[in-house]
Amino acid sequence: MSTITVHPVESKKLAGTPQNAAVNTGSHFDSRIPTHQQLLYGFGDFGNGFMFDLGQAYLTKFWIDVVGIGPSTVAAIFSLTKIWDAFMDPIAGSIIDGRKSGPRGKFRPVMMISAVLLGIMTVVTFYMPSGLNMSQKVIYAFAAYMIWGLIYSFTNAPYGSLASVMSRNPQDRSLMATARQVGSVGAQFICGVAFVPLMLVMSGGKANDHGYLITTAIFAAIGVAMFAICYFGTKENVTVHRDPNAKVLDFKTYAKVVFTNGPLGAIVLMTLFTISAMNTNNAMMIFYAQYNLHNVGLTPILNFFNMGCAIIGVFMIPTLVKHFGQRKVLVTSFAIGVSANLINFLLPDNVITFTIFVSIGYAALAIPNGITWNMVSNAIDYGEWNTGMRREAITYAAFNFSRKLAQSLAAIISAGVLAATGYVAGHADASALQGIRSVMTLYPAVALLCAGLIIFFLYRLSDERFKEVAIDLDNGCWKNGKIGETNALKK
């Protein structure tokens with residue numbers, strides 16, 4: 001799955017409903033779910049942020065400065081484990097798709113059990129046993145993070161798939177996407193503002209392994225509790241017309257599900273750039289504050305402003321999308337993000353100007369990331385309409401594949417630049433300072449430019465076309481017949 005071929009949505013009108021389709025009278029497209037379910041769905045990503053975002057922001061710093069692993073080795077650990085995770089996602093998706101729905105639904109039980117295990121492994125990744133030599137430390141870090149990533153696949157795939165069976169109504173999905181992104185950015189905000197001060201308190205004023213471990217355990221426990229709120233507060237409300245004869249997918253049919261889904265392909269390519277931009281920002285913020293701005297204590301202050309602005313931006317998503325549509329909002333946000341990051345790159349290091357433009361850039365990035373969750377649910381429905389087979393977890397796994405590759409790319413860029421510019425723990429010379437600055441500002445500008453071009457030229461599933469897809473699915477039909485009677489994968 002090294003390349004994605006994006007097929008534009010057929011130019012013909014999608015409402016060419018099969019002859020055997022019934023007239024839609026009780027569409028999930030029109031039905032709304034209770035507001036509390038929309039809001040509580042976002043607690044899943046709130047909990048996720050206390051474990052996933054914690055590692056993206058501080059694990060590099062922990063391994064290099066506290067454990068003593070070299071930057072190039074840390075880059076290798078991150079990149080190799082993320083590539084491993086990316087290939088585990090389709091396996092996790094296939095297993096989850098093959099699971100029968102039970103009293104608690106198809107996705108929620110897997111999500112909750114995995115979330116508990118993920119909390120445990122988050123603590124394990126921020127722990128290094130005493131008495132190990134450097135080779136043993138590297139092996140431990142590599143193994144712990146690999147296991148963490150595998151469990152994360154079984155947590156995130158069912159959570160992401162859950163939205164597609166909670167509601168098919170565009171307003172519901174928009175609000176759930178907003179709730180999810182608010183939860184994600186909210187967790188980043190708390191981690192960004194509270195983690196370093198709490199860790200320093202637990203360390204007695206100087207960062208050490210004990211402080212990292214205790215603080216991580218607190219954050220992981222909060223994360224699991226937030227997943228529990230999501231688990232008990234949501235339901236799988238959409239009646240899905242599944243093929244009763246559906247088999248576990250082999251690679252050939254998996255590829256057909258994924259590579260014939262044009263909207264999914266565009267989302268995958270866009271995400272490769274947006275997530276790598278976000279993760280380089282998160283990983284390098286503490287380095288930028290300590291060395292370029294000469295005060296590591298500025299980290300929570302910088303995070304307070306940029307995450308705060310991001311939260312404001314996310315709350316604007318429903319209004320912006322309602323008035324301008326997804327595509328225009330995405331392209332405009334990317335243009336703003338590119339401009340803000342370029343300005344920060346060109347200006348000399350300064351606390352005030354950096355804070356202003358990094359906050360604008362992060363808000364401009366948070367808006368597309370929030371809209372993406374809605375787009376993925378739509379892509380799941382489009383894939384079913386296009387093939388006659390519904391594969392929520394597999395489709396979400398393909399999307400998550402791009403996120404893992406993006407995280408690997410961000411790790412290679414972040415830790416790789418530190419290694420290439422001669423950074424050593426506790427000291428950054430002029431070359432390292434320029435490297436940190438470039439990763440913090442220039443790379444996100446280039447990445448967001450690429451993401452904007454992808455959406456502008458390749459994403460073709462408009463709101464009007466999606467409505468036609470949804471009505472067909474509510475009537476148990478795909479584009480060429482009745483679901484369950486025939487499908488594209490049997491051809």
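Which residue lies over the face of Phe 345? I looked this up in the model, which is predicted, and found Arg 437 there, at 5.8 Å from the ring centre.

**Entry: charge over a ring.** I next examined Arg 180. Its charged end sits over the ring of Trp 373, at 3.4 Å from the ring centre.

**Entry: aromatic pairs.** I then turned to contacts between rings, and the count for the structure is 29 aromatic pairs. One of these is formed by Tyr 58 and Phe 195, whose centres are 4.5 Å apart with 15° between the planes. I recorded this pair as stacked, because stacking requires planes under 30 degrees apart. I located Tyr 58 in helix α2 (residues 52–67) and Phe 195 in helix α6 (residues 170–202). The two residues are 137 residues apart, and their pair links distant parts of the chain. I noted both Tyr 58 and Phe 195 as buried.

**Entry: a second stacked pair.** I looked up Phe 126 and Tyr 212, which also form a stacked pair, with 6.2 Å from centre to centre and 10° between the planes. Phe 126 belongs to the loop between α4 (108–125) and α5 (134–166), and Tyr 212 to helix α7 (residues 209–233), so this pair ties together parts that are 86 residues apart in sequence. For burial, I noted a relative accessible area of 1% for Phe 126, which is buried. Tyr 212 is buried too, at 3%.

**Entry: cluster.** Finally, I asked where these rings belong as a group. I found Tyr 58, Phe 195, Phe 126 and Tyr 212 among the members of one aromatic cluster, which also includes Phe 43, Phe 46, Phe 50, Phe 62 and Phe 219.

Definitions and conventions
Residues numbered from 1 in each chain as written. Predicted model: local features only at pLDDT ≥ 70, side-chain atom pairs only at ≥ 80, totals over all residues. Heavy atoms only, no water. Phe/Tyr/Trp six-rings, centres within 6.5 Å; stacked < 30°, edge-to-face > 60°. Helix = DSSP H or I, 4+ residues; strand = E, 2+ residues; numbered from the N terminus. Buried < 20%, exposed > 50% of the residue type's maximum accessible area, 1.4 Å probe, protein only. Lys NZ or Arg CZ within 6 Å of the ring centre and 35° of its normal.
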